Amino acid sequence: MSRMKKEEYLKILTDQIRCKAARAQITEEVQGHIEEQEALFLSEGLEREEAEAEAVREMGDPVEAGTALDLIHRPRMAWGWILLIAALYAAGYAILNLLQQNFSEVQFVAGDYIKWLLMGMLVMIGVCYADYSRIGRWAKEITIVGFVIIFAGIWLFGEQVNGVLQWIWLPFLPFTLNVRLLCYLFVPLYAGIVYHYHGKGYEAIVKCFLWMLPALCIAVKIRSSITGVMIFLIFLLILSFAVFEGWFAVSAVKMLVSVWGGTALLAGIGYFKLFIAGPSYQFERIRALLGNGEEGYQVQILRGVLDGCRFIGSGEGKEAVRAADGLMEGMDYGLMYIMVSYGILAAVLVIGLVVGVFIYFMNMSVSQRNRLGSIMGFGCTAAFFVQILFYVMVNMGVVPLGNMYCPFLTYGGTGVLVTNVLLGILLNIYRYQDIPLETEKGKTFKIMLN
């Protein structure tokens, strides 16, 4: 042992570590410490060979050290979370079926919902077992390829419904794809792109804004302004998170004020221009926001339904929603139907449970030692929070009626698959949170000694 070379020591140590993803960083960390000790012994007058041997000897038995590191740096199985997510889907399905019994004239679930849930769970488990660092490593290339594929799909197989080009019908598949929901797949990719620019200055931030364009161009192509707003908001939150964490060589406070202040100013200019010289159909949508026009009438009906809801149990809102004659489609307004049928408290508990799950994932993400896992996890949870926020606002009549998706409470094949891809990434980050994918000087050795 006294004459063991550091290369031999490192090989024996890393052979004890079963997770291949952890070996490179652990090797670099331990080797760095050996070389520091070797330099110390050289300064004390020892010969190089003797100094190396003494530094290796101080590291202890390589088998014991490697075994200890293997216990620490190994993937965590996320079976508990997988079961909880399956339970949430089951609970959501049960709620939708209860609402279907109360309102038979409104469709809450489709016959193929179970099929999509099972496919979605398989997709989630598959993504969970993948290595999210590879997604981050190739984020730019995947973004470009994804943009080309989706744009080509819209151009070749796009299907227009009610003036909106948001469906892709593939003749060789027995279903259609919702492009509006596919846009959310760009979220973890954008987070990976922002990660690659850390340590750089203002020019990198400008490039981060440019990388927002692929997803936003798709939203423009399908004429879904609300999707563009939601995606842009999510991207802005991801970029702000990186700036706040000090990833860029800029003043965090000044940059955040500039980014959000500039966004608010541009939005204000856009709305002002719309009122002065905008197209009539866009102007009507603004009127709808103010409660006027045909869409405004629908919002007023919804608010009237909500006024009849009780804190616990059904109230007058149940009769009011039936009188609306199917004005609010079931799956998009599930939260409103829960309030109508079971009371405001039931709706708060349901949405609170969903939010609570994502709060945990948000806390898990921001506390990650690995920066890539941190920002990708933050991006995925930010996407869910924005979806839930807009879903609640639509159900409360704050914004005009529209198609909104909420995890666990809305059915639809594309939505379930996209949601489960993002959930799979979150579970993957959870699974690898003890794996040192980035070098953090001194931490591995300190853990090993303790």
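**Basis.** I worked from a predicted model, in which local features need pLDDT of at least 70 and side-chain atom pairs count only at pLDDT 80 or more, while totals for chains, interfaces and linings use all residues. Residues are numbered from 1 along each chain as its sequence is written, and side-chain values use heavy atoms, with hydrogens and water left out.

**Aromatic pairs.** I looked up ring pairs (Phe, Tyr and the six-membered ring of Trp, centres within 6.5 Å; planes under 30 degrees apart are stacked, over 60 edge-to-face, the rest tilted), and the structure holds 15 of them. For Trp-81 and Phe-361 I noted ring centres 4.7 Å apart and planes at 45°, so this pair is tilted. Because Trp-81 lies in helix α5 (residues 79-102) and Phe-361 in helix α19, the pair ties together parts 280 residues apart in sequence; helices here are DSSP runs of H or I with at least four residues, numbered from the N terminus. Both Trp-81 and Phe-361 are buried, where buried means under 20% relative accessible area, exposed over 50% and partly exposed in between (1.4 Å probe, protein chains only).

I then turned to Phe-147 and Phe-151, a tilted pair with 5.3 Å centre to centre and 40° between the planes. They sit 4 residues apart in helix α8 (residues 139-157), which means a separation of about one helical turn. Phe-147 is partly exposed at 24% relative accessible area, and Phe-151 is partly exposed at 30%.

**Loop residue.** I found Ser-224 in the loop between α12 (213-221) and α13 (225-244), where Ser-224 is buried at 8% relative accessible area.

Key
Helix = DSSP H or I, 4+ residues; strand = E, 2+ residues; numbered from the N terminus.
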